[in-house]
Amino acid sequence: GGETMTDAAVYEARLELVDFVIDVFWDVPEEAFVERLLSGDIQLPEDSINDQLDEGFEMLEAWIDENADQSVSAVQDDLEREYTNLLVGPRPPVLPHETNYREDTEFIGEGLAEVEASYGAAGWTPPEDEEYPEEDDFVAVELAFLRWLVTKQREGLEETFGYERVFLDNHLMTWVDDAVADIHEETDEPLFLAAADILAGLVEFEDEIVAQMA
């Protein structure tokens with residue numbers, strides 16, 4: 001076909017997008033990550049992929065320009081405060097966990113068990129993170145699984161396309177757009193808005209890629 005990106009470039013882009021969203025949402029963005037963003041080290045795909053990714057990149061670039069002359073620690077302080085208000089609480093307005101959005105599972109435990117069964121079927125174990133004991137249906141954990149699947153695909157394990165198809169259909173795609181809409185409603189921090197749009201665009205991009213393969 002008339003693909004402008006080579007396979008290798010597509011894998012690079014997929015992993016960079018996933019990594020970026022994980023870095024923003026896993027926990028309070030760290031100084032090293034903020035520094036890397038502000039230094040302009042982040043390579044954004046040249047080609048337009050879809051509207052949500054384009055919007056996210058535009059917002060990210062605007063955020064970088066706006067904060068380029070600020071001290072890293074001041075920017076990180078602001079992000080830490082806003083991240084805490086938005087996602088940690090005491091009563092956070094947004095809980096980016098799949099079971100928080102799904103209406104078809106009556107109990108959190110049931111929804112969680114389904115997510116964990118998806119991981120187990122593919123042979124993946126969520127990272128044990130003592131410092132950050134989020135449930136396994138937290139957005140960054142689901143994305144860590146996605147990242148692992150993409151890595152396996154790059155290594156040539158074809159069956160991981162099938163696992164990703166099921167995971168997108170039954171899990172990520174059932175709730176991510178709603179969570180992204182909530183983030184838009186509850187914060188005006190451009191970095192989190194950019195990451196939310198990039199998350200939505202990434203899921204759409206993955207859906208298209210896997211549709212061609214699975």
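A residue counts as buried when its relative accessible area is under 20%. Keep that cut-off in mind as we look at this structure, which is a predicted model. Let us start with Val24, a residue found in helix 1. Is Val24 buried or exposed? Its relative accessible area is 0%, so Val24 is buried.

What surrounds Val24? Leaving aside neighbours within four places in sequence, Val24 is in contact with Pro29, Phe33, Tyr83, Leu191, Phe192 and Ala195. Take Phe192 from that list. Val24 and Phe192 are 168 residues apart along the chain, yet their C-alpha atoms are separated by 7.3 Å.

## Helix 2 and its two partners

Val24 also takes part in a meeting of two helices. Two packed helices are described by the angle between their axes and the distance between the axes. For helix 1 (residues 7-25) and helix 2 (residues 31-38), the axes come within 10 Å and cross at roughly 130°. That angle makes helix 1 oblique to helix 2, and their crossing is left-handed. Which residues of these two helices meet? From helix 1 come Phe20, Asp23 and Val24, and from helix 2 come Phe33, Arg36 and Leu37. Sorted by class, the residues of this contact are four nonpolar, no polar and two charged.

Helix 2 packs against helix 4 (residues 72-88) as well, at an angle of about 115° and with the axes 9 Å apart. The crossing of helix 2 and helix 4 is right-handed. On the helix 2 side you will find Glu31, Val34, Glu35 and Leu38, while helix 4 brings Val72, Ser73, Val75, Gln76 and Leu79. This contact has five nonpolar, two polar and two charged residues.

## Helix 3 against helix 9

Now turn to helix 3 (residues 51-67) and helix 9 (residues 190-213). Their axes come within 7 Å and cross at roughly 155°. How do two helices at such an angle run relative to each other? Angles over 145 degrees count as roughly antiparallel, and helix 3 and helix 9 are therefore roughly antiparallel to each other. Helix 3 passes helix 9 in a left-handed crossing.

By class, the contact of helix 3 with helix 9 has 13 nonpolar, three polar and three charged residues.

## Rings that meet

The structure holds 10 aromatic pairs. One of them joins Trp124 and Phe145, with 5.3 Å from centre to centre and 40° between the planes, and this pair is tilted. Why can we say that the pair ties separate parts together? Trp124 lies in the loop between helix 6 (108-122) and helix 7 (139-154), whereas Phe145 lies in helix 7, so the pair links parts that are 21 residues apart in sequence. Both Trp124 and Phe145 are buried.

Phe145 has another ring partner, Phe167. The centres of these two rings are 4.8 Å apart and their planes stand at 85°, so the pair is edge-to-face. Phe145 is in helix 7 and Phe167 is in helix 8 (residues 159-186), so this pair ties together parts that are 22 residues apart in sequence. Phe167 is buried, as is Phe145. Zooming out, Tyr119, Trp124, Phe145, Trp148 and Phe167 form one aromatic cluster.

With 1% relative accessibility, Leu143 counts as buried. Which residues does Leu143 touch, beyond its neighbours within four places in sequence? Leu143 is in contact with Val18, Val21, Ile22, Leu199 and Leu202. As for Pro45, it is 98 residues from Leu143 in sequence, and their C-alpha atoms are 19 Å apart in space.

Our last stop is Thr160, which has its place in helix 8. Thr160 is buried too, with a relative accessible area of 3%. Leaving aside neighbours within four places in sequence, Thr160 is in contact with Leu149, Lys152 and Gln153.

Note on methods:
Residues are numbered from 1 along each chain as its sequence is written. This is a predicted model: local features need pLDDT of at least 70, side-chain atom pairs count only at pLDDT 80 or more; totals for chains, interfaces and linings use all residues. Side-chain values use heavy atoms; hydrogens and water are left out. Rings of Phe, Tyr and Trp (its six-membered ring) pair if their centres lie within 6.5 Å; planes under 30 degrees apart count as stacked, over 60 as edge-to-face and the rest as tilted. Helices (H or I, at least four residues) and strands (E, at least two) are DSSP runs, numbered from the N terminus. Buried means under 20% relative accessible area, exposed over 50%, partly exposed in between (1.4 Å probe, protein chains only). Axes are lines fitted to C-alpha atoms, for helices over the stretch in contact, and angles run from 0 to 180 degrees between N-to-C directions. Angles under 35 degrees count as roughly parallel, over 145 as roughly antiparallel, 65 to 115 as roughly perpendicular and the rest as oblique. A crossing is left-handed if the near helix is turned anticlockwise from the far one by less than a right angle, and right-handed if clockwise. Contact means heavy atoms within 4.5 Å. Ala, Val, Leu, Ile, Met, Phe, Trp, Tyr, Cys and Pro count as nonpolar, Asp, Glu, Lys and Arg as charged, and the others, Gly among them, as polar.
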